[in-house]
Amino acid sequence: MPQVLDVVAVRAWCSLALDALGRDRAEIDAINVYPVADGDTGTNLYLTVESAQQAVEAVFAGLEAGLRPAVPALPDVMRAMAHGALLGARGNSGTILAQLLRGMAQVLADGRDGDANHSAADAGALRLALRRAAESAREAVARPVEGTVLTVATAAAEAASATVGGDCAAVLRAAYEGACAALDATPRQLAVLGRAGVVDAGGRGLVVVLGALSEAVSGQAAPVRARTAAHARGDADSAEPPLDCPEDDGAAGPAFEVIYLLEADDAAVARLRARLDALGDSLVVVGGDGLWNVHVHVDDAGAAVEAGVEAGRPHRIRITHFGLGDAHAARSSAPPPERVQRAVVAVVPGDGLAGLYAQAGATTVPDRPGEPPASGELVDAIRRAHAHEVVLLPNDPELRHTAAAAAEQARTEGVRVALIPTRSAVQGIAALAVHEPDRRFDEDVVAMTSAAGATRYAELAVAERQSWTMAGICQAGDVLGLIDGDVAVIGDEVPATARTVLDRMLAAGGELVTLVLGEEIPQEVADGLEQHVRETYLAVDTVVYRGGRQSAPLLIGVE
């Protein structure tokens, strides 16, 4: 029976690719010299695929919960995979991989004879999908360069198209072999790779992803080729790059990497491409249907963000400053930066709190509504903190296992990590308030843990449906007051419910009330609550922070 690409194979593809990138992440990071030698290509690809896998698993989780049909259609699963990659794309290579997956999804979602609910794709559809993937990735890059992941993707598509007959397994085996051959040639196409004696890191990662796809369909692991699994030292040591190999001028590149998601129409994105291309380099804009992922290297990060604001609504903005350890500085003789002794890494639920934590010196990881951070994001943040010792604040009981996995991974990399099991951002604020990096690590962790443990936490939420709670039966639209994770109050409006929650918490005593307001809560609500505390409880102070967009309308802490 001919082998096809169905939803089971796509699910397996995600898992196999994530496992393989996890194994090869460090090797791919180590050979990352283009476009910036910041040693993160393997990590970025891992995080991108992790996001794609989570999106696919969400489709199957809906099936198991009875929220979707018994068997998902291939278009639904492929669109979920591509959308997840788009949302989680990191770095230059991760952004390009997201567009490759989107290109495949565009073809595979169409189906044969216009069937939008088909369950599998045949070899012919797979050939077209790989070709469209390579084409769309090139279209997304402002200035395509040969000897990169784009070259490897094109070679894979051409090798797949050259197959005659055969099933999906044969097509994918040919694509994998074509990608391997193209990867071997990258040091002869790009001078910086030839001088470093390495293959392209992004292309190396794509070979891993294609190998996983081949294994998912055929059931047989793709053969490991030595040249694709290791540095291409032989060519670099024996010969100079050929005359047609592009040379770089040795000048320092832009100082910042700017990445953001953007909600905008096609016309606005076309104007944005032109503007960002004039501001910097390594411009990649992927996506469509109103949602885009923008990646660019610039000297003026503010101008790159402003361009996004003019085009539409940018969010999840990430700005990374290329420090002394990256490729822009590696061309000089400057030594890499020294690690700081200690740092704090915290998960925060809103932009406002992210700014507050950052002002206190913490490296932050966003906890977006419905999209909790994965362990890879926490590990990445620990690396960015660049410290010998790290205090990790998950600020969410649901993240305890994720945070523990990240801490364990960081420890294997030589970082001393202490995980304080904070259950809310207000407990994290309390811990951060007593943080003293100059005292002994153990003493600092004990003090921060004690401060967090002495802080009771609460939050308001809006009920989505009728449900039984510890406080009785709630109806859809009711305002719920949760104290230490349990529903304690059911109310009709935010101000009255918040006052009741505060009264219950302060009945046991307290010295300081912390209020974190979501973006939809007006300042008048905070003023009223502050007045209530001042008039009702002597010697209790109140501090108010704007949390920005966060899942809970109001967070409350009592120390």
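Reader: What gives the most to the lining of the largest cavity?

Author: Helix 4, with four residues. Bear in mind that this is a predicted model, where local features need pLDDT of at least 70, side-chain atom pairs count only at pLDDT 80 or more, and totals for chains, interfaces and linings use all residues. Residues are numbered from 1 along each chain as its sequence is written, and side-chain values use heavy atoms, with hydrogens and water left out.

Reader: What makes a space a cavity, and what makes a residue part of its lining?

Author: On a 1 Å grid over the protein atoms alone, a cavity is a set of points where a 1.4 Å probe fits but cannot get out, and lining residues have an atom within 4 Å of a point. The structure holds five cavities of 30 Å³ or more.

Reader: Why is the lining of the largest cavity called nonpolar?

Author: Ala, Val, Leu, Ile, Met, Phe, Trp, Tyr, Cys and Pro count as nonpolar, Asp, Glu, Lys and Arg as charged, and the others, Gly among them, as polar. By that rule the lining has 14 nonpolar residues, no polar and no charged.

Reader: How does the lining of the second largest cavity divide?

Author: Into three nonpolar, eight polar and three charged residues. This cavity has a volume of about 110 Å³, and among the residues closest to its centre are Asp-38 and Asn-92.

Definitions and conventions
On a 1 Å grid over the protein atoms alone, a cavity is a set of points where a 1.4 Å probe fits but cannot get out, and a pocket is an open set with protein on both sides within 12 Å along at least five of seven lines; lining residues have an atom within 4 Å of a point. Grid points are joined across faces, edges and corners, and a volume is the space filled by probe spheres set on the points. Helices (H or I, at least four residues) and strands (E, at least two) are DSSP runs, numbered from the N terminus.
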